[in-house]
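Here is a briefing on a predicted model. The sequence and structure come first, and the notes follow by topic.

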Amino acid sequence: METTSLLFDAECRVLGELCTTGGSLVRAVLTDDGEEKIGSALHLWQTEGVPFLRKMEDVQVQEHISVRDGRFLESVRQWASVMHLQFVSVTSDVLACWQQIARLPLEPLQRYSMLLALRSLDVQELSVWRESLHEATDAVTHEREKAAKEIQTMWTNVAKSLVISPKRKKT
Amino acid sequence: MEMKRSFSIEQQHSLPAGLQRALNTLPGEKDLSADAVSRAAQRGYREREKILAAEKKKEVAAMLAALTPEMKSAMKFHAIQRTQEAADGEKIHHVGSSAVLPDVLHHRALRRD
């Protein structure tokens, strides 16, 4: 079964999504912030593996875990903790709600707070949230479309000011 | 005044895309002197900023109208926590006051207990 985990920086900006199955990596998608902050790390994971500290009796041994290894998810979780990043694994229902939240005009901290709240909901509550989020994204999309039309009309009016009227042409 | 019917490459790059699209659809001869185009573009950018600022407010209002009180409360949870952290000057590991817990988390915490 596929698991999706979201990575956030200390300011709660989303850096990307990691999809894993049986602990090994299926795919990773980074946001622009993620590309900037952890893009090079992701590249290293693919070539060298994820640095992972394993405790053996009294000694800590560093290993590099391949993206195909079943311990990949665990090693990224540890890496995120060392890097002071938030690592949040979510169910598919929560992920669907998160995708709606990501489209809302919210601050990163507000989005993150809602995600944490979502994770504590039961199925019935999650369904109510999903419905409200759907209404909210529809309402926001409607406002965006209205603004886009308004901007288009505005540019047409501005462009009209550049059209040379036949009267002006004669003079 | 110098009149041009078509844009040079340099002009195309400096023209706002919306203005260029609108100009392409309008019939008739246009005053595409650098001065006229620059003034039109500046006017358009100013107007666009106003529309986008108004849209932002409308978007937030539309979103808040659709969200339940529990969701609005959850949205503020970490913001409240962070403000408190800043005020206290240290990280708070446990939020003890139920006043800052959003309803949904509070109910969940009670249920767990």
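**Sheet and interface at a glance**

In β6(A), S89(A) is the bridge partner of S5(A). Helices (H or I, at least four residues) and strands (E, at least two) are DSSP runs, numbered from the N terminus. Two strands pair if DSSP finds at least two bridges between them. This is a predicted model: local features need pLDDT of at least 70, side-chain atom pairs count only at pLDDT 80 or more, and totals for chains, interfaces and linings use all residues. Residues are numbered from 1 along each chain as its sequence is written, while chains are lettered from A and ligands numbered from 1 in the order in which they are written.

**The sheet of chain A**

- An open sheet of 4 strands runs in the order β3-β2-β1-β6 (chain A), with antiparallel pairing.
- β3 (24–30) and β6 (86–90) of chain A stand at the edges with a single partner strand each, so one side of each has no neighbour in the sheet.
- Neighbouring strands are turned by 25° against each other on average, direction ignored. Axes here are lines fitted to C-alpha atoms, for helices over the stretch in contact, and angles run from 0 to 180 degrees between N-to-C directions.
- β1(A) and β6(A) are antiparallel and joined by 5 bridges.
- β1(A) and β2(A) are also antiparallel, with 7 bridges between them. T3(A) has T20(A) as its bridge partner in β2(A). L7(A) stands opposite G16(A) in β2(A).
- β2 (residues 14–21) of chain A runs antiparallel to β3(A), and 6 bridges join them. T20(A) faces L25(A) in β3(A).

**Turns and the covering helix**

- The hairpin of β1(A) and β2(A) has 5 residues between the strands, and C12(A) in the turn has a positive phi of about 70°.
- The hairpin of β2(A) and β3(A) has 2 residues between the strands, and G22(A) in the turn has a positive phi of about 60°.
- Helix α1 (residues 32–48) of chain A lies across β1 (2–8), β2 and β3 of chain A. Its angle to β3(A) is about 145°.

**Q100(A)**

- Q100(A) sits in helix α3 (residues 92–101) of chain A.
- Is Q100(A) buried or partly exposed? Q100(A) counts as partly exposed, because it has 19 C-beta neighbours inside 10 Å. A residue is buried if 20 or more other C-beta atoms lie within 10 Å of its own, exposed if 12 or fewer, and partly exposed in between; C-beta atoms are placed from the backbone.
- Not counting residues up to four places away in sequence, Q100(A) touches L133(A), H134(A) and T137(A). Two residues are in contact if their C-beta atoms, placed from the backbone, lie within 7 Å.
- Q100(A) and H134(A) are 34 residues apart along the chain, and their C-alpha atoms are separated by 6.8 Å.

**Chain B**

- Chain B has 5 helices and 0 strands.
- Of the 113 residues in chain B, 21% are buried.
- Among contacts in chain B with a separation of 6 or more, 57% link residues 24 or more positions apart.

**The contact between the chains**

- Chain B gives 40 residues to the contact and chain A gives 35 residues.
- On the side of chain B that touches chain A, the elements giving two or more residues are α2 (17–25), α3 (34–66), α4 (69–88) and α5 (103–112) of chain B.
- α3(B) gives the largest share of that side, 17 residues.
- By class, that side of chain B has 23 nonpolar, 5 polar and 12 charged residues. Ala, Val, Leu, Ile, Met, Phe, Trp, Tyr, Cys and Pro count as nonpolar, Asp, Glu, Lys and Arg as charged, and the others, Gly among them, as polar.

**Helix α2(B)**

- G18(B), L19(B), A22(B) and L23(B) are the buried residues of α2(B). They lie on the same side of α2(B), because they cover an arc of only 130° around the axis. The arc is that of the directions from the helix axis to the C-beta atoms.
- These buried residues pack against α5 (123–160) of chain A together with α3 of chain B.
- The face turned away from the buried side of α2(B) carries the exposed residues A17(B), N24(B) and T25(B).

**Nonpolar cores**

- The largest nonpolar core has 38 residues, of which C97(A), I101(A), M114(A), L118(A), A136(A) and M63(B) touch the most other members. A nonpolar core is a set of buried Ala, Val, Leu, Ile, Met, Phe, Trp, Tyr and Cys residues joined through C-beta atoms within 7 Å.
- Another core, of 10 residues, lies apart from it, and includes V158(A), A22(B), L32(B) and V37(B).
- A136(A) touches L104(A), M63(B), A66(B) and L67(B), not counting residues up to four places away in sequence.
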